[in-house]
There are 4 protein chains.
Amino acid sequence: MIVMKTDATPEQIAHVVEEIKKYGLRADVSQGAYRTVIGLVGDENKIPFAHFATLPGVKEALRVEIRYKLISREYSKFSGEMIERRIVKVGNIEVGGKEPIIIAGPCAVESKEQLFRIAEEVKKAGAHILRGGIFKPRSSVYSFQGLGGEGWEEAVGASQWLQEAGRKFNMPVVTEIRGEAQVDLVAEYADILQIGARNMYNQDLLVKVAKKKKPILFKRHFGAGIEEFLAFAEYIAAEGNKDIILCERGIIPIGKGKDYTRYTLDLASVPAIQKETYLPVMVDPSHATGRRDLIFNMCCAAIAAGASGLMVEVHYNPEEALVDGQQMITPDELKDTIDVCQRIHKLIALRRNKD
Amino acid sequence: MIVMKTDATPEQIAHVVEEIKKYGLRADVSQGAYRTVIGLVGDENKIPFAHFATLPGVKEALRVEIRYKLISREYSKFSGEMIERRIVKVGNIEVGGKEPIIIAGPCAVESKEQLFRIAEEVKKAGAHILRGGIFKPRSSVYSFQGLGGEGWEEAVGASQWLQEAGRKFNMPVVTEIRGEAQVDLVAEYADILQIGARNMYNQDLLVKVAKKKKPILFKRHFGAGIEEFLAFAEYIAAEGNKDIILCERGIIPIGKGKDYTRYTLDLASVPAIQKETYLPVMVDPSHATGRRDLIFNMCCAAIAAGASGLMVEVHYNPEEALVDGQQMITPDELKDTIDVCQRIHKLIALRRNKD
Amino acid sequence: MIVMKTDATPEQIAHVVEEIKKYGLRADVSQGAYRTVIGLVGDENKIPFAHFATLPGVKEALRVEIRYKLISREYSKFSGEMIERRIVKVGNIEVGGKEPIIIAGPCAVESKEQLFRIAEEVKKAGAHILRGGIFKPRSSVYSFQGLGGEGWEEAVGASQWLQEAGRKFNMPVVTEIRGEAQVDLVAEYADILQIGARNMYNQDLLVKVAKKKKPILFKRHFGAGIEEFLAFAEYIAAEGNKDIILCERGIIPIGKGKDYTRYTLDLASVPAIQKETYLPVMVDPSHATGRRDLIFNMCCAAIAAGASGLMVEVHYNPEEALVDGQQMITPDELKDTIDVCQRIHKLIALRRNKD
Amino acid sequence: MIVMKTDATPEQIAHVVEEIKKYGLRADVSQGAYRTVIGLVGDENKIPFAHFATLPGVKEALRVEIRYKLISREYSKFSGEMIERRIVKVGNIEVGGKEPIIIAGPCAVESKEQLFRIAEEVKKAGAHILRGGIFKPRSSVYSFQGLGGEGWEEAVGASQWLQEAGRKFNMPVVTEIRGEAQVDLVAEYADILQIGARNMYNQDLLVKVAKKKKPILFKRHFGAGIEEFLAFAEYIAAEGNKDIILCERGIIPIGKGKDYTRYTLDLASVPAIQKETYLPVMVDPSHATGRRDLIFNMCCAAIAAGASGLMVEVHYNPEEALVDGQQMITPDELKDTIDVCQRIHKLIALRRNKD
């Protein structure tokens with residue numbers, strides 16, 4: 001990190017940026033109220049900090065050991081940017097703003113009719129963003145892989161339906177990009193690009209998706225600690241894309257005997273992550289619990305824990321869904337859930353403002 | 001499990017109980033609206049079920065594979081007892097009833113003055129039950145082990161203070177029994193006997209504590225799955241003591257890198273356990289997170305998840321506490337927290353009644 | 001799975017294969033001593049098994065729930081193929097054969113000189129296959145990402161050096177493919193294509209790599225159970241590529257307090273996996289332990305557990321390595337280790353032959 | 001830790017010990033080649049180190065943060081004791097010595113006949129120490145709890161049989177103490193007192209057992225990290241009993257899907273623990289894997305990892321055992337296993353001597 005003097009000139013800043021490039025790294029320039037701070041993106045071992053400390057306009061050249069400095073609240077204080085919370089805007093929706101944001105829709109897009117019917121119903125129930133999986137990551141080659149698994153034409157068709165449904169019912173849409181070959185297609189039709197839990201460590205995919213400069217919904221891997229989660233979000237930020245919505249979706253359950261929930265929803269990670277980064281954090285109780293009968297309580301708990309929103313799988317008839325029927329709720333249940341969550345969010349927000 | 005006919009006579013029931021004893025097992029007799037059901041406590045391999053099926057008054061003799069039948073909601077249906085929720089009464093406090101119950105107090109009793117001051121302040125803040133550790137389980141022989149570790153006289157003294165403080169400020173009191181030699185002492189002075197997470201698997205201690213016929217606060221081990229947790233609660237119930245308050249306090253964190261919370265609070269276990277058993281479930285966010293700055297959010301989240309109450313460590317000056325200062329909140333913070341939690345509890349309860 | 005009659009004609013078999021394709025699945029035809037068995041690759045929900053049961057030449061049409069049937073020893077019995085162990089041949093090296101196979105080399109290729117020097121030394125020490133990372137998966141964007149991270153030209157150069165070093169010292173070479181864009185390049189120069197632990201769940205990458213029809217070294221994710229590991233190996237086999245070498249490299253450590261090893265090497269998974277599949281299993285103690293001083297013992301233990309070989313990171317001067325120096329051993333240490341491992345392998349093999 | 005001057009007099013040492021007692025701690029005096037070092041056992045917060053530094057004969061008064069200093073190899077260097085390995089002697093058996101020590105016998109003592117038959121057969125097969133459970137920790141109140149669970153008379157009887165069998169076949173005997181009430185009984189009849197995995201955190205039991213001054217077989221809890229394991233072994237050492245045999249028996253498996261082994265045997269913990277402490281480490285593959293067909297390989301792997309011995313469950317007819325039949329091997333299998341393990345031990349020991 002290169003901290004410039006308060007009176008550093010634009011030329012001096014540009015010179016430092018040039019020098020950084022010479023060493024094979026990139027520069028992330030943050031102009032704050034106090035001063036300009038230049039983040040180093042890449043292998044800092046290559047940087048002669050002593051040399052940079054002597055360049056004109058430079059106040060300090062520091063090696064920062066933290067693995068997620070670009071998205072760090074702490075780091076944003078150096079420049080005086082002082083970012084407490086970043087609001088990620090998608091159309092007129094503000095993730096991380098005053099309202100809890102609800103992403104809802106089917107686990108997988110199965111047909112145009114199914115998608116449009118669910119889209120209409122979740123909109124009525126109060127959802128803000130429409131979800132629908134096209135490329136489904138599955139833990140068996142013998143399971144339905146989403147319409148994206150049926151062929152390219154089907155993938156394109158499903159992507160178009162998703163965009164249409166979003167426009168018709170006035171909701172931005174989000175869907176997962178499972179592999180690098182899908183980035184261009186999904187980025188053309190979706191408003192938010194999702195990177196699923198299984199791909200959290202897939203740095204090549206992260207970089208490729210980040211370059212699309214669209215908001216990214218980034219899910220925590222079920223085996224990842226918080227530090228790793230943020231260190232991989234940093235791969236996205238390092239491409240200059242800070243419109244990142246983090247999403248907790250459960251970690252591997254431990255303990256002998258059968259699992260009563262599919263994963264362990266780590267709700268304390270929500271406020272813990274919010275102390276570290278200014279990025280908004282959402283929660284997906286559907287995949288975390290895998291149980292329809294726990295969704296209401298865990299949505300409420302997530303909002304009470306301080307989450308900026310929820311991602312919930314919804315189907316008008318969960319029993320007939322091709323994927324994950326046992327964890328989907330109905331539009332009526334969604335409406336009830338949103339109603340209680342909004343009230344809890346207000347109670348929590350009141351208290352936060354007292355801090 | 002021996003299911004009696006609806007018209008079975010008391011003599012027939014007594015005869016079955018006698019027969020069970022002959023095989024070295026005990027009988028748990030549940031008289032419900034429909035009929036009497038006799039649970040078998042002990043090694044069922046010794047029971048000739050075919051023989052029991054032919055005894056007078058017996059409708060069915062079934063082998064039940066579930067490891068926690070005595071505390072199971074499912075099992076309570078056989079007899080028509082149909083227990084949805086059991087309220088554990090401690091004085092005039094009802095754990096599992098209409099109000100969320102707050103257990104609060106210092107991690108460790110340090111002096112009479114410290115205890116009384118905190119007792120007074122948590123009472124004012126709205127707490128219902130007073131806690132205070134006398135025998136502290138510690139993961140180093142080089143740490144303060146509670147006043148119980150200073151000598152027997154100190155242990156007796158601290159136990160008396162706890163009882164006095166509870167009486168003075170009109171709160172039942174709870175403290176942990178760490179070893180078998182402490183059972184008589186603690187049972188003399190405390191209203192609720194706590195079995196800590198590290199002792200969840202300690203079946204000899206469980207049996208000895210259960211025999212005291214006082215309410216038991218039973219904490220989940222940090223490495224235990226839900227099935228194991230309930231199977232060990234069954235050791236208590238098998239002694240005829242069903243006044244068990246279950247408590248989730250966090251499981252071992254997974255993931256590389258540093259832990260941002262001390263344990264992973266498994267809040268989805270709360271509603272999941274409530275589907276299995278009629279026993280009330282509380283949550284201890286203090287030990288789970290180990291972080292004062294997360295207590296408010298995690299208390300709210302626990303109540304939103306459906307918990308019957310909370311166990312919170314409180315100190316007027318957390319910095320000077322001998323044990324776990326970093327996870328204690330002040331009485332003022334407790335008051336705020338209780339206030340928001342009560343409102344959330346109402347929102348959640350409203351919805352539950354619609355089910 | 002479609003089991004053909006023993007006297008089914010080639011035409012009947014071809015007809016069944018055609019029918020399978022009509023439903024959007026692929027067919028995996030195994031001709032064994034007894035009969036032909038046709039595996040179904042894809043979503044079996046689409047298959048009308050009753051219909052297939054009536055086709056000419058068909059004995060049985062069975063739904064197989066196991067998620068890894070193509071690589072299963074059990075499944076190989078249906079056709080009479082009876083595969084106990086599959087030997088994966090790479091040049092004149094047989095992985096899964098009579099000798100334990102040692103893959104050795106630097107963690108990362110740093111320069112042509114470094115690579116050639118290490119290649120020469122590991123060859124002398126007794127290694128069979130040369131490794132060297134070009135695209136390094138790293139948990140921080142601020143760490144050295146391998147020469148592949150420096151630019152495409154560097155990546156091509158390093159790949160060529162690797163091929164040259166292998167040819168010069170007569171060893172097949174293996175390197176990791178981290179992202180889809182690297183598949184063509186690596187497949188051109190390497191003899192074995194490695195899919196790293198972090199990409200185990202990356203099904204799109206698996207499919208793309210599998211199509212290259214070269215042997216694949218497939219590492220278990222640190223959060224994956226054995227069933228998942230094999231279910232994802234099945235993605236590779238489903239492309240018709242069964243030259244898969246499985247590799248255990250440690251799972252996430254659990255327990256409070258500092259980690260004494262980087263991951264937990266799950267050596268019992270080696271014989272457990274060998275009961276399930278005929279594929280060879282190797283072990284990587286370098287990444288698993290992260291500690292040079294444990295490598296000798298864990299190599300010996302891996303071979304004693306029944307592993308078909310080892311993957312070990314070696315450097316002539318571990319202290320100066322750019323990546324993972326603390327877990328590399330010297331060529332001299334490698335020689336000692338190979339020597340003892342070969343003797344243990346013989347002791348183990350003797351006993352196995354008695355079974 | 002109080003480091004005395006090399007010329008400190010016995011009176012000066014005694015004076016320091018007295019002073020330590022005044023503050024409520026105990027003193028662990030180690031007389032080494034160079035000097036005497038006095039360890040402080042108890043809460044070091046109570047000690048005014050500055051004051052101790054000025055006492056006659058004192059060279060240094062240091063606060064040692066490590067939670068397991070009494071059993072630490074590092075710590076033993078201060079006094080010049082320089083303990084590399086401690087041999088725990090039981091009769092004429094040396095655990096931690098030149099030979100790998102095999103503890104074998106039934107999971108549970110079922111009858112005198114069963115015990116004597118197995119004792120005779122394991123002795124012939126080459127075992128050194130006889131095991132047999134009397135008080136079985138079980139995760140269901142509905143399972144056979146050992147003869148100790150049948151009544152006190154049965155417990156005494158089984159303990160006497162165990163002692164007799166040991167004497168008849170010339171093997172020391174070991175059995176588990178599950179609760180505090182069993183300490184006196186077991187200590188009367190057994191040569192080694194076992195503390196099981198579920199009781200690792202039970203500090204009251206540890207202290208009570210340690211006071212018996214007999215060798216202790218101390219098993220790692222399935223949720224415990226190495227640091228915790230050693231910190232609880234320190235509770236035993238702090239009672240002046242350093243005849244501790246550590247035992248790795250598997251930790252909680254992680255990963256979705258069914259478990260292929262009952263626990264995850266953490267073999268890298270064996271050499272890792274041996275770097276920290278001079279105490280011998282054994283391995284129990286029976287409970288760790290829960291699978292008879294993996295015992296041979298995992299015994300060999302444990303010895304290759306550097307273990308000082310093995311604990312194996314043996315039955316002449318595993319199918320008819322009342323407890324854990326699926327993980328027991330026959331005496332013939334034991335003989336084969338011991339044979340190969342002894343050869344591997346020699347190969348490993350040769351190499352160690354080169355260090």
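Helices (H or I, at least four residues) and strands (E, at least two) are DSSP runs, numbered from the N terminus. Axes are lines fitted to C-alpha atoms, for helices over the stretch in contact, and angles between N-to-C directions run from 0 to 180 degrees.

This is a predicted model: local features need pLDDT of at least 70, side-chain atom pairs count only at pLDDT 80 or more, and totals for chains, interfaces and linings use all residues. Residues are numbered from 1 along each chain as its sequence is written, chains are lettered from A in the order in which they are written, and side-chain values use heavy atoms, without hydrogens and water.

**Chain A.** Chain A has 11 helices and 14 strands. Its C-alpha trace spans about 65 × 50 × 45 Å along the principal axes.

**The helix pair.** H11 of chain C packs on H10 of chain D at about 165°, with the axes 7 Å apart. That makes H11(C) roughly antiparallel to H10(D) (angles over 145 degrees). The table gives the contact residues (heavy atoms within 4.5 Å).

| Helix | Contact residues |
|---|---|
| H11(C) | C:Asn297, C:Cys300, C:Ala301, C:Ala304 |
| H10(D) | D:Asn297, D:Cys300, D:Ala301, D:Ala304 |

**The symmetry.** A rotation of 180° with 0.0 Å of shift along its axis superposes chain C on chain D, with RMSD 0.1 Å (least squares on C-alpha atoms of residues with pLDDT of at least 70 in both). That is the relation of a two-fold axis. Of the residues of chain C, C:Ala301 comes closest to the rotation axis, at 2.0 Å (C-alpha).

Terms used. Angles under 35 degrees count as roughly parallel, over 145 as roughly antiparallel, 65 to 115 as roughly perpendicular and the rest as oblique.
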